[in-house]
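Subject: Handing over the two-chain model

Hi there,

Here is the structure I promised to pass on to you. Please have a look at it first, and then read my notes below.

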Amino acid sequence: MKYDNSIRNILSVALLAACPLLSCTEDAMDKVNENPNNPHDVPAKFILSDVGVSTGFNTVGGDFSLYSSVYMEHEVGTGQQQWRAETRSGEPASSTTYNNAWLGVYSNIKNAKVVIEKCQASSEDQGNVVTEAIAHILLAYNGAVLTDLFGDTPFSQTGIMNADGTPMYMQPKIDTQESIYTEIMSHLDEAISLLDEGNARDEGLSGAIGSKDYIYGGNAEKWLKTAYALKARYTLHLLNRSLDVSADLSKILSYAEKSFASADEECKLSVYDGNSQLNPLFSFNYSRPGSLSASRSLVNKFAERNDPRLAQVFLDNAGMAQIQPADIVAAPNGTALESASTYSISMPGFAITAPTQLISYHELLFIKAEALARLNDNRAKSVLKDAIKAAFANLEETLYSANDNWVGDPNAVIDLTSQTDNYFSNEVESRFNASPVKEIIMQKYLAFFGASGESVEAYNDYRRLKAEGNGYEVTLENPKNDNQFPQRFGYGSSDVTANAEVKAAFGDGSYVYSEPVWWANGSR
Amino acid sequence: MQTQEVEIKPNMRIVLKTDNAMLDEVVVTAMGISREKKALGYAVQEIGADQLTQAGNSNLSSALQGKVSGVDIRPSSGMPGASSQITIRGSRSFSGDNTPLYVIDGMPVTSTPDIDTDKQNNGSVSGADFANRAVDIDPNDIETITILKGQAAAALYGIRASNGVVVITTKSGKGLDKGRPHISFSSNVSFDVVGRTPEQQMLYAQGSAGMFDPTSGQSWGPLISELPNDAQYGGNTDNQYTQKYGRHEGMYYVPQRAAAGLDPWAYPQAYDNIGNFFRTGVTWNNSFNIAQSLEKTNYSFSLGSSTQSGIIPETGMHRYNAKVNVETNLNEHWTTGIVANYITSNIDKATTSGNGVLRTVYPAPPSYDLAGIPSHVAGDPYTQNSFRTAMDNAYWAADNNDFNEKTNRFFGNAYMNFRTQFGTENQTLNVKYMVGVDAYTTHYTDSYGYGSYTGQNGQLEKYGWTNATYNSLLTINYDWRIDSDWSLNAIVGNEVIQSNKNKYYSYGSNFGFSGWNHLDNATIQSTSSERWSKRTVGFFGNVSASYKNMLYLTLTGRQDYVSNMPRNNRSFFYPSVSLGFLLTELKALKNDVVNYAKLRLSYAEVGQAGDYLENYYKIPLYGGGFYQLTPLMYPIKGSTAYTPYWVIYDSNLKPQNTKSYEIGADVNLFDSLISISYTYSRQNVKDQIFEVPLAGSTGAESLLTNGGRLHTDTHELNVTINPIQTQKVDWSFGFNFTRMTNMVDELAPGVESITLGGYVTPQVRASAGEEFPVIYGSSYKRDANGNILVDENGLPIKGEDAVIGRISPDFMLDFNTTLRVWKFTLNAVIGWKQGGQIYSRTTGLGDYYGTSIRTADREGTVIFDGYKEDGTKNDIAITGPVAQQAYYTAINDIDESSVYDNSFVKLREIALSFPVVKKSHVELTVNAFARNILLWAQVPDVDPEASQGNNNMAGAFEDYSLPQTSSYGFGFNLKF
């Protein structure tokens, strides 16, 4: 009997073994592996929402602007990476330098393409024409920053995906800057047509973008004006390659006409509340104190013009306002010490809530002034004055933000707009009369100093005008520029390691000093 | 039979005790199967309780160091609860888990850390370390450890077997003589002092270019003795301070003393800031065990405690273990039992690396009284007062920052065993069914207080894991001794493992007011929670046949089904075969010199699954890069956003595959006076699962897919020699030699290297065509002949980013010895690691900051060992403090300058024990021990066994890593 019992026991145990068979069917396993933590799909507006934020924070306000401000001498790098960029020691020719921002801008391009695809093909999002138009504009915007800085670069094959979400092109090919600009312009035109003179409305099932658009709250009219402002900016970028310069200048004027009528309409990201959301330059300065110092080149330019900004925008090393220009200890460009304690610092760097300008009203006015001046139209002068006034207002806001939230110096003086007339008649006008374009460019350059993320445009202007050869560009003081002026930014390391064509194009990185981009009369 | 010593008495009664281990040297192998060691066709190594605890070590992984071959143990530091990376025969995965499976009393338990420093600490270069879950194991409760090194040994564990297995058997009542309870109590105390720290120059003051600067991070100032003559701060000169306070001859003005409310005038002197910072840590280990074997039942009950204060203020560990183990025979067929463990641990940690506490200790200028000047300004504990800004003063951090992990854990199992011999003599059937659970919750706190430079007005993260793994295991084991020549053993079984994890995370920053570092006080808050489940179902079989106790053949197979792979790609089969051949059983080969010789051969295939998910969207994160805070966070204005996750999952993912070949031999000579064991193994791993970095221009960052190949070649040699065996003196010693090459043959197409951790540069990477892993960063510029070039000032030039260091050692050789003279027993373990490199930022920055002893000779001359552009040897002398500072600044900019040879020899353990009382029912042994007391290392300033990362980068990257400790202690063992 014992024997039988044990057989039965074995059988009952063996039944236990059958149980596991049921627990390993594909369906059972699918259920176990379900991801309860993340959505597999979202409506397009939730994606576009971040394309706007990331474009402002990463593409405009982030590392590109930071390094451009060093190359353009809005700031002097006096710590770590910025000091090495200042002294051209490795950083400008290294593929790791811009990689974070490189990843950010390509992610924006992909996400904008996903939004467009969804608005065209997904039953939920079809009919959301404003959403789609914004995606076209931001796609164009990111593409333009990308190619302005990197020249020929991957673009058309970015963000094209297979059905399972994997990229169709693992190593996207390099497009020429010329072809990227063609695509940019066509995206802007597409956006303009979708926006239907500002009458377009989102009508898809997933609902209008509305407040998920942090820039304009889904306002079609304002996005339309932005599209025109960008067309003006990009037409200007391509001026060296224009087949008919005066026609293009007229186009710029007509685009500007259809664009912002005041600073209220400019395209900016102003989500920074000083608490959970912080201005990117502030975030940098907070994290890397002493990395940026007051630029001697900029101080000299202000001083030369008795510029009211000189006594309002710098702080001493302890963070108190320097209202006496003589007290400013400016860092020499290119030869500054790597020191956090030697030099004065720029007050806008602490503007915790200052918005990031995707394209500002003052920039539009400067563009307009330049086009007018080039066409010998005497309206240029008054437009320039308006531009300076708008720029002063923008900087004033920045300085208030810095002083109210961070610097807290009761002795700080913030008063710019009221001085516009004096400044213009005493300092600007005569210089304008002597060389209109040169002074417009100088004023535009000075206006781009701040916390609005506009150093990249100053960098674009400099390279465009240098290539033009009429000496309109501002004068830089870094002695390294003799043979080490960064003509462009070097490709991001993620592509230099994983994209064979980019790797070959990057080489040892020294091309950044020798090869201007296509619109600056280069070949790539 | 066990050897016994008995006192000579007129009437002697000697009870013969059986000793299973001696009779046939049985070892525990996969799935708890006991096997005669001679029957195995693969290498295993055993460590007994005595060896493990001889030096009073409460940390299992460091207690294992130097005691096994083929195993690389890389501790991160000597701090309480510090993580440690154990790999057996190299690594098989570029970025996944390479650590072995731990099986305790028959059940797999979690041993890996839940938090990867790479993820939580931005590439393992900020924040505090995270303990491995093996930290929960109390070495004092371990009876034996068997290391199943090869894949053939571990094959029955299927998909989890690829990294080898650590099989732990804890103390039980089994095998004790029946009747009385056996009680043992052991206790020891040890004093831990800081190990190797940088040697500092004591001559020069804070400042730069020979000028005193009281806020500079550097020590390139004037001679300390010259400070009273400083134009700005000297008490002997005319300056704003002497104008205000009058001359202070021989003194100088220290702004930080003024800020702290002390007398600002100080006589210049050099301070031992490093020595002052570390304290003596004290560790108490107590363990109590009662075990008894009754007629039908045996049990064991253990309690353990380990209380440790670290060498850094506010660090330490408390761990309490309790275990009960009961087994009872219900009748002649049925046996049932349970094992239950409960552990609670509490670890207080300190930060390392980028924002580590030592970043303000090692670089503190010798002229600055770091310990004496309060770390905050007078009247305001939250405004720091230090020799520099931007980094938390270490003393301030100890008071205001908090890094802690608390774990409560239960694991154990219950089993039924049925055994029958079918009424025969030569057949046995064992059917065992076991269910077990390993459940724990760990709560983590990473808190930077109000006033810290990390975060914005403070930053607090509170997060935790609840992890429950259920295990069901059925094994049917059939033994048949067919005749005197042949015997057969067959096993079939099934295993189901279900693991459920839950994570919560809460973040707060920007505290509203000081003094209340709490989430409620954070004006920025976010929370999230996540959960995952994973299931593995495996069916396995094993057939072993032996012939004449001479030939042993074993075949195994296992079919695994795993949930965490894509549909229709979830099941895999893994076979293994092994052969053991006892040459000395052949009559022709029997001789007096070689008393035992065995050949081993095996082949196995095992795999590893990846964690596949359907592609998804996630709320985008901002931060990283330059930002020390979170600059932007959703929700923004009450609304949030989603973008496609930057990791893409490949729906064709398949398991990675390891093919392993092993050949070896065991030889005992001269009546086992000398035993030698040699093993060569080769692993070919293909279809690695890892996040293949994508070109950023795809719009995504990486793709989880299969790619790449790597292989390992390992030679292991163990030699044990017992030259003196007398009653009064017994001396044995042994060597464990390991030589491992771990080559990355290929990554993915177009991918030359992938990141394992570090800064933007330098980083630790896996690089194609190189050994795993390597250090990557900016290199010296070299000419076509590989000579390092210098510029017109005699300074080296920064070249391109490249592989600048190779981590793998050429070999490791450990030496163990036991010497008994009369009743005294002396044990020693010496470890020697030859070759390999380490990146030491502490060392490089010590030169850059001007604090290292190498910068003491400032009036002297440095000539960099390089070549000029024209090909001639560099002879440009760099003389004087200003030029030397420029020189050290220039080389610091080149990552390669901080890569050092990592060879070292370390006296790991030395222990002396003496049995005070040794009677049949009472034994009292006292012991004294020391650990890590002698070190000869090539790297100048640090201990080579202190580095960043609780993952595959361990051992490669030193960056103000918390130091190792030297310990001295004593204790006793009482048994009755």
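Strands here are DSSP runs of E with at least two residues, helices are runs of H or I with at least four, and both are numbered from the N terminus. Two strands count as paired if DSSP finds at least two bridges between them. Strand β44 (residues 837-840) of chain B runs parallel to β50(B), joined to it by two bridges. One pair to look up is B:Tyr839 with its bridge partner B:Phe957 in β50(B). Contact means that the C-beta atoms of two residues, placed from the backbone, lie within 7 Å. Axes are lines fitted to C-alpha atoms, for helices over the stretch in contact, and angles run from 0 to 180 degrees between N-to-C directions.

A word on the source: this is a predicted model, in which local features need pLDDT of at least 70 and side-chain atom pairs count only at pLDDT 80 or more, while totals for chains, interfaces and linings use all residues. Residues are numbered from 1 along each chain as its sequence is written, and chains are lettered from A and ligands numbered from 1 in the order in which they are written.

Chain B has another set of strands worth a look. Strands β48 (residues 904-918) and β49 (residues 923-937) of chain B run antiparallel, joined by 13 bridges, and they form a hairpin with four residues between them. B:Phe904 has B:Ala937 in β49(B) as its bridge partner. β49(B) also pairs in the antiparallel sense with strand β51 (residues 965-975) of chain B, over nine bridges. There, B:Arg931 stands opposite B:Ser967 in β51(B).

Now to chain A. The axes of helix α7 (residues 129-150) and helix α8 (residues 177-195) of chain A come within 8 Å and cross at roughly 160°. α7(A) and α8(A) are therefore roughly antiparallel to each other (angles over 145 degrees count as such; under 35 is roughly parallel, 65 to 115 roughly perpendicular and the rest oblique). Among the residues that meet are A:Val129, A:His136 and A:Leu139 in α7(A) and A:Tyr181, A:Ile184 and A:Leu188 in α8(A). The residues of this contact divide into 13 nonpolar, five polar and three charged. For these classes, Ala, Val, Leu, Ile, Met, Phe, Trp, Tyr, Cys and Pro count as nonpolar, Asp, Glu, Lys and Arg as charged, and the others, Gly among them, as polar.

Finally, where do the chains meet? 81 residues of chain A are in contact with 79 residues of chain B. Elements that give two or more residues to the side of chain A that touches chain B include α1 (2-22), α3 (44-60) and α6 (99-121) of chain A. The largest share, nine residues, comes from α6(A). By class, that side of chain A has 36 nonpolar, 34 polar and eleven charged residues.

Enjoy exploring it!
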